[in-house]
Amino acid sequence: MTGEVQPQPFDIAVDSETLDWITQRVQNSRVVPDVKHLDGTSEWSDGVPSSVVNELVEYWKTSYDWRKVEARLNSTFKMFTLDIEEGDEVIKLHFVHHRSERPDAIPLLFAHGWPGNFTEVENLLGLTTPRDSAQQAFHIVAPTIPGFVFSSSPKASGFSIPRIGSVYHKLMLNLGYTKYIGQGGDWGSMILRSMAISYPDSCVGIHLNMIMGLPPSPLKNPLTLLWLVARWFTADEKKRLARMQWWMKEESGYSRIQGTKPQTVSYGLLDSPVGMLAWIREKLESLVQPGYVWDKELVITWAMFYLLSGSSWHARIYKEAIQALRQQVLEKRVPATVSFGASCFPYDVGYIPIWWAKATVAENIVFWKEHLTGGHFPSIECGDALNTDILDFVSRLSDSALLTLRSVQK
């Protein structure tokens with residue numbers, strides 16, 4: 001990016017016709033009754049129980065007010081759009097940008113995944129103006145994945161993870177951030193790994209909260225592979241790995257559907273607000289620590305975001321990304337010039353031990369913390385813990401990296 005194209009301020013303003021259509025569909029919705037489950041079986045084993053969906057739908061009909069939500073979002077987030085060329089595509093990228101007034105602030109790119117969205121960054125916004133003058137301050141940038149919510153969709157297939165990373169990198173350069181760090185989980189973790197691999201001179205550090213890796217190479221890492229084959233794991237590592245295996249076996253049906261026939265499933269989801277709500281609510285249940293209570297307004301708002309996109313890319317990313325993910329990201333290590341940090345939450349669904357990650361994920365791991373609580377959405381579930389980890393990660397960066405990050409000027 002040359003910098004000639006300037007970001008345009010953005011406010012959410014859903015047109016009345018679209019909102020009326022969604023409201024009417026919800027008011028006329030029919031919830032399929034559930035079966036009676038045998039003793040000892042989970043009522044969630046077949047999907048979202050109808051009792052849960054009925055409660056959400058009733059709240060949507062009688063209490064949910066999109067216009068109030070819309071106003072709160074507009075007052076909370078400083079949002080913009082920017083046209084970014086990526087190959088023969090032009091993406092109108094939606095993003096949050098909160099710039100710190102502190103002269104020593106450093107740029108932090110927050111990358112979300114599915115079924116999340118840009119609002120996951122809300123609990124990080126306080127990092128722009130810390131009360132303690134000794135605490136590091138940040139410029140926060142949170143883009144929306146192309147085809148999600150308010151970012152325009154690619155017009156052709158082939159828009160893989162590295163291409164999303166390229167769009168994000170061009171965004172940061174346009175904003176004047178020639179050096180930056182990143183934080184993300186879910187697809188955001190893969191996007192950031194791709195950026196660290198492709199743009200190590202600019203992306204000087206990434207902190208992730210979902211870690212996945214291929215088996216170690218028998219030629220390059222024979223000892224690590226031996227540890228893996230022999231299953232020399234600690235009891236805690238076995239528990240975390242077992243959760244990931246459970247997820248892959250029992251909870252990944254959505255991924256296989258979206259990864260093979262994204263267009264077909266999108267017809268049903270985009271045409272049925274309650275269908276989209278149930279599709280998202282099901283995944284939210286099993287991605288967090290047991291006992292976590294999801295706020296009804298938040299869940300409906302997340303469903304609204306995907307309805308408002310009017311795009312199949314919420315599903316299509318699984319097909320576009322998974323087909324080439326091994327070759328484009330997983331087979332490559334984050335280079336030594338990029339500092340790598342990880343926060344591992346026990347109820348997340350992507351995990352490998354640090355000794356495995358050193359062999360297959362990153363050459364320069366400077367921060368690694370395994371938490372006792374929390375799940376796949378730490379910025380929502382335990383925002384303070386995530387913020388603390390980000391600060392701890394940054395404190396481990398080299399003096400030269402911090403100097404270049406703090407000297408970034410628009």
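Predicted model: local features only at pLDDT ≥ 70, side-chain atom pairs only at ≥ 80, totals over all residues.
How much space lies in the second largest cavity? About 60 Å³.

First, the annotation. The UniProt record, an unreviewed entry, lists Asp186, Tyr318 and His376 under "active site". Of these residues, Asp186 and His376 are included in the lining of the largest cavity.

Let me take Asp186. This residue sits in the loop between β6, residues 180-184, and α5, residues 187-198. Setting aside residues up to four places away in sequence, Asp186 touches Gly113, Trp114, Met210 and His376. With Trp114 there is also a polar pair to look at: a polar atom of the Asp186 side chain lies 2.9 Å from the backbone nitrogen of Trp114.

Next, Tyr318. You will find Tyr318 in helix α12, which covers residues 313-330. Its relative accessibility is 4%, so Tyr318 counts as buried under that 20% cut-off. Apart from neighbours within four places in sequence, Tyr318 is in contact with Trp114, Trp187, Tyr254, Ser255, Gln258 and Gly259.

Now the cavities. A probe the size of a water molecule, rolled over the atoms, shows where empty space is left. In this model the count comes to two cavities of 30 Å³ or more.

The largest cavity holds about 120 Å³ of space. Its lining has 17 residues, and those nearest its centre are Phe110, Glu120, Gly185, Asn209 and His376. Which elements give two or more residues to this lining? They are β4 (106-111), β6 and α14 (378-381). By class, the lining of the largest cavity has six nonpolar, nine polar and two charged residues.

Back to the second largest cavity, with its space of about 60 Å³. Its lining is made up of Asn209, Met210, Ile211, Arg240, Ser343, Cys344, Phe345, Pro346, Asp348, Gly350 and Tyr351. These divide into six nonpolar, three polar and two charged residues. Two names here have come up already.

To recap, Asp186 and His376 are in the lining of the largest cavity, and Tyr318 is buried in the model. That is what I have.

Definitions and conventions
Residues numbered from 1 in each chain as written. Heavy atoms only, no water. UniProt positions renumbered as here; feature names shortened; annotations may be inferred. 1 Å grid on protein atoms, 1.4 Å probe; cavity = no way out; pocket = protein on both sides within 12 Å on 5 of 7 lines; lining within 4 Å. Helix = DSSP H or I, 4+ residues; strand = E, 2+ residues; numbered from the N terminus. Contact = heavy atoms within 4.5 Å. Polar contact = N/O pair within 3.5 Å; in protein donor to acceptor, adjacent residues only side chain to side chain. Buried < 20%, exposed > 50% of the residue type's maximum accessible area, 1.4 Å probe, protein only. Points joined across faces, edges and corners; volume = space filled by probe spheres on them. Nonpolar A, V, L, I, M, F, W, Y, C, P; charged D, E, K, R; others polar.
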